[in-house]
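Subject: The structure you asked about

Hi,

Here is the structure I promised to pass on. Have a look at it first, and then read my notes below.

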Amino acid sequence: MKRLFWLVLPVAMMLTACTKNKVETIAPEYDRSDFVEVTEVIPDVILEIRYYSTYNFVGTRVDGYVRPLALMTRQAADSLKAVNDELKAKGYRLKIWDTYRPQRAVNHFIRWAEDLNDTTMKKVFYPMVDKSLLFEQGYIYARSSHSRGSTVDLTLIETATGKELDMGSPFDWFGEESHPDYRCKLYMQSFNRHLLHDAMIRHGFEGIDSEWWHFTLANEPYPDTYFDFPIE
């Protein structure tokens, strides 16, 4: 999936960014009428909102994560419920790390990436990547599908044990091991990735070629709109 780098635009008012094929909109921060809390739709979903915590590649709580909630558009949350229902019948539950991400959080990532002296979490998330190359190699970029409200980062929990399935790499690992088509060391790691991927695809989501945990609703309601209201 190609990732385009954009100029970071102010988000205090409605702005547009033009490309060859479309016009992108940064919505006013108060516009959240079509969003729901995922736990209202999927009561038994497990949340570990990483960017609300300090255990993430930035090493601090990220701007805009006022509360550890998972917000999505109603359409995406309903489709995710169908995924959960299917996998629950097979003995699994969904665990979510991130859903809607305000544009201000993306801007926080950009500022962090530009500070080459801040390598607090390098050993945990990007030991093999020079921080000066994070933009060039596509790990940090100025727009995220998360800000459109229909993207989720997630994994699977085995209901019987309460343990995460082994997916072959941690969440937010900066490296080829995170690519969905990476040749995992163990058969079960590949099996687990396909288990998650296939269920998400069956219920209307699409993945990307760089992160096994990342899925976006194919028929998302706001394909060109990037929201900035805080998660609260």
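Predicted model: local features only at pLDDT ≥ 70, side-chain atom pairs only at ≥ 80, totals over all residues.

Residues are numbered from 1 along each chain as its sequence is written, and side-chain values use heavy atoms, with hydrogens and water left out.

The overall picture

The protein chain has 5 helices and 11 strands (DSSP runs numbered from the N terminus: helices are H or I with at least four residues, strands are E with at least two). Of its 232 residues, 50% are buried. Buried means under 20% relative accessible area, exposed means over 50%, and partly exposed is in between, with a 1.4 Å probe and protein chains only. The accessible surface comes to about 11,300 Å², and carbon and sulfur atoms hold 53% of that (Shrake-Rupley method, 1.4 Å probe; for residues, only the protein chains shown count as cover). Among contacts with a separation of 6 or more, 73% are between residues 24 or more positions apart; a contact means heavy atoms within 4.5 Å.

The cavity

How many cavities of 30 Å³ or more does a search of the whole structure find? The search turns up 1, and the volume of the largest cavity is about 190 Å³. There are 18 lining residues, and R101, F109, Y139, Y141 and E211 are the closest to the centre. For the record, a cavity is a set of points on a 1 Å grid over the protein atoms alone where a 1.4 Å probe fits but cannot get out, and lining residues have an atom within 4 Å of a point. Grid points are joined across faces, edges and corners, and the volume is the space filled by probe spheres set on the points.

Aromatic rings

The whole structure has 22 aromatic pairs. Rings of Phe, Tyr and Trp (its six-membered ring) pair if their centres lie within 6.5 Å; planes under 30 degrees apart are stacked, over 60 edge-to-face, and the rest tilted.

One of the pairs is Y51 with F109, edge-to-face at 5.2 Å centre to centre and 70 degrees between the planes. Y51 sits in the loop between strand 4 and strand 5 and F109 in helix 3 (residues 103–114), so this pair ties together parts 58 residues apart in sequence. Y51 is buried at 1% relative accessible area, and F109 is buried at 5%.

Another pair is Y55 with F125, which is tilted: 5.5 Å centre to centre, 50 degrees between the planes. Y55 comes from the loop between strand 4 and strand 5 and F125 from helix 4 (residues 122–125), so parts 70 residues apart in sequence are tied together. Y55 is partly exposed at 40% relative accessibility, whereas F125 is buried at 2%.

There is also an aromatic cluster whose members include Y51, F57, W97, F109, Y139 and W213.

I46 lies in strand 4 and is partly exposed, at 23% relative accessibility. Beyond its neighbours within four places in sequence, I46 contacts R93, L94, K95, I96 and I157.

A70 is in the loop between strand 4 (46–47) and strand 5 (71–73), and is buried at 4% relative accessibility. Not counting residues up to four places away, A70 touches V36, E37, V38, L47, I49, I96 and T99.

T73 belongs to strand 5. Is T73 buried or exposed? T73 is buried, at 0% relative accessibility.

Most residues other than glycine have a negative phi. D172 is not a glycine, yet has a positive phi of about 65 degrees. D172 is in the loop between strand 8 (163–164) and helix 5 (187–202), and is buried at 6% relative accessible area.

Cheers

Methods
1 Å grid on protein atoms, 1.4 Å probe; cavity = no way out; pocket = protein on both sides within 12 Å on 5 of 7 lines; lining within 4 Å.
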